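Biologist: I would like to learn how to read a structure that is new to me. May we go through it one feature at a time?

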Amino acid sequence: ITAPWVHRFQVAIPHFRGVELEDLDAPENISRWMKAVFDRPSVQNTACSNDYLLESTARYFVTYITPGAPGGK
């Protein structure tokens, strides 16, 4: 259930916020859990492309969070 969100966090946060997840002061067990989720073959085989994630995230935020804002910037 969480795998799509883990993938989205790994792609969108660095792109839109300029912050690498490894640089966050997250507890080590959270980082290990996120890596373990994304490393699962079932997640790898069903994950959408990073480009699609970035496009859909930009579209979501422009539509629902900041209507009228330029997307993808």
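**Reading the chain, from overview to detail**

Biologist: How many helices and strands does the chain have?

Modeller: This is a predicted model. The chain has four helices and zero strands, and its elements run α-α-α-α from the N terminus on. Along its principal axes, the C-alpha trace spans about 40 × 30 × 20 Å.

Biologist: What percentage of the 73 residues is buried?

Modeller: A residue counts as buried when its relative accessible area is under 20%. Buried residues make up 22% of the 73 residues here. The accessible surface of the chain comes to about 5600 Å², and carbon and sulfur atoms account for 57% of that surface.

Biologist: Let us turn to a single helix. What span is expected for α2, and what span does it reach?

Modeller: Helix α2 covers residues 28-39. Its twelve residues reach 16 Å from the first C-alpha to the last, close to the 16 Å expected at 1.5 Å a residue.

Biologist: Which residues of α2 are buried, and which are exposed on the other side?

Modeller: The general idea comes from helix geometry. An α-helix has 3.6 residues a turn, so residues three or four places apart point the same way. In α2, the buried residues are M34, V37 and F38. They cover an arc of only 90° around the axis, which puts them on the same side of α2. On the other side of α2, the exposed residues are E28, R32 and K35.

Biologist: What covers the buried residues of α2?

Modeller: The cover includes α1, residues 3-17, and α3, residues 41-46.

Biologist: How many salt bridges are counted, and which residues form a salt bridge?

Modeller: The test is whether a side-chain nitrogen of Lys or Arg lies within 4 Å of a carboxyl oxygen of Asp or Glu. The count comes to one salt bridge. K35 forms a salt bridge with D39, and their closest N and O atoms are 2.5 Å apart. Both residues lie in α2, four residues apart, which is about one turn of the helix.

Biologist: Is T57 buried or exposed, and with which residues is T57 in contact once its neighbours within four places in sequence are left aside?

Modeller: T57 lies in helix α4. Because its relative accessibility is 5%, T57 counts as buried. Leaving aside the neighbours within four places in sequence, T57 is in contact with R8, A12 and F16.

Biologist: Finally, which residues form a nonpolar patch on the surface?

Modeller: One looks for nonpolar side chains within 5 Å of one another, on residues with over 30% relative accessible area. Here Y60, F61, Y64 and I65 form such a patch, with about 450 Å² of accessible area together. Of these, I65 is found in helix α4, residues 50-65. I65 has a relative accessible area of 45%, so this residue is partly exposed.

Note on methods. Residues numbered from 1 in each chain as written. Predicted model: local features only at pLDDT ≥ 70, side-chain atom pairs only at ≥ 80, totals over all residues. Heavy atoms only, no water. Patch = residues over 30% accessible without salt bridge, like charges linked within 9 Å, V, L, I, M, F, W, Y side chains within 5 Å. Areas by Shrake-Rupley, 256 points an atom, 1.4 Å probe, with all protein chains shown as cover. Helix = DSSP H or I, 4+ residues; strand = E, 2+ residues; numbered from the N terminus. Buried < 20%, exposed > 50% of the residue type's maximum accessible area, 1.4 Å probe, protein only. Expected span 1.5 Å × (residues − 1). Arc of directions from axis to C-beta. Contact = heavy atoms within 4.5 Å.
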